[in-house]
Amino acid sequence: MTFTHSLFCILVVPSILWSDSSSFSTLYSEFKKGNYSLVSKQSLQYLNGRESEKDPRIFFLYVSTEENWSKLKSNLSKENSPNFRLSPHYWNAVYLFMERALVFGESDLLIEWGKDFQKNGKQSPKYNDALLLYGLGLMDLKNESEAKKVFSEIESNSPSKHILVQLEEIKTVGK
């Protein structure tokens with residue numbers, strides 16, 4: 001093997017392999033197989049790459065598969081590709097993050113991301129669901145007047161029956 005051929009193998013082949021493995025379809029295929037640690041690792045590599053326009057679907061896969069809560073929190077705040085906020089995949093990822101914040105009892109994060117969702121995520125199919133989590137975070141931090149405003153907004157958005165049932169349960173518990 002010549003030096004030029006060796007240099008080509010060292011410099012070009014890994015980038016060819018990475019571009020193939022970073023595609024959404026490849027990562028999604030691995031996701032469906034349950035290879036979550038691989039998907040998380042490769043998604044994060046892609047997201048930390050040099051491309052200015054990133055695929056928000058890969059961001060969604062990253063949020064869906066990252067097991068390390070601390071790492072996810074730090075990486076979520078860094079991801080601001082210009083096209084993300086226009087994508088429902090981005091907002092679905094934020095919603096998943098908010099669900100985790102609820103499970104981990106991090107109401108401050110629910111409120112932070114809930115405000116952002118309320119302001120910028122209206123086009124998302126998960127809008128009312130995210131507002132519900134936002135309202136729960138507000139209630140947890142004893143800000144019931146703001147929570148009631150959020151819950152009223154949900155009611156004015158023609159929510160699903162599932163959301164309405166949850167709102168009724170919250171009202172019943174709150175009495």
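**Helices, core and rings in a predicted model**

The side chain of Ser 87 reaches the backbone nitrogen of His 89 at 3.0 Å, a polar contact (a pair of N or O atoms within 3.5 Å, one able to donate a hydrogen and the other to accept it; residues adjacent in sequence count only if both atoms are side-chain atoms). Ser 87 lies in the loop between α6 (69-78) and α7 and is buried, with a relative accessible area of 8%. Buried stands for under 20% relative accessible area and exposed for over 50%, with partly exposed in between (1.4 Å probe, protein chains only). The model is predicted, with local features needing pLDDT of at least 70 and side-chain atom pairs pLDDT 80 or more, while totals for chains, interfaces and linings use all residues. Residues are numbered from 1 along each chain as its sequence is written, and side-chain values use heavy atoms, leaving out hydrogens and water.

Turning to the whole chain, the fold has 11 helices and zero strands; these are DSSP runs numbered from the N terminus (helices H or I, at least four residues; strands E, at least two). Of the 175 residues, 39% are buried.

The largest nonpolar core has 42 residues, and Phe 59, Trp 113, Phe 117 and Ile 154 are among those with the most contacts inside it. Such a core is a set of buried Ala, Val, Leu, Ile, Met, Phe, Trp, Tyr and Cys residues joined through side-chain atoms within 4.5 Å. Helix α7 (residues 88-103) gives the most to this core, with eight residues.

The structure holds 12 aromatic pairs, where rings of Phe, Tyr and Trp (its six-membered ring) have centres within 6.5 Å, and planes under 30 degrees apart count as stacked, over 60 as edge-to-face and the rest as tilted. Tyr 90 and Trp 91 are edge-to-face, because their ring centres lie 4.9 Å apart and their planes stand at 80°. Both are buried, Tyr 90 at 1% relative accessible area and Trp 91 at 0%. Phe 117 and Tyr 127 form a tilted pair, 6.4 Å centre to centre with 40° between the planes. Phe 117 sits in helix α8 (residues 107-120) and Tyr 127 in helix α9 (residues 127-140), so this pair ties together parts that are 10 residues apart in sequence. Phe 117 and Tyr 127 are both buried.
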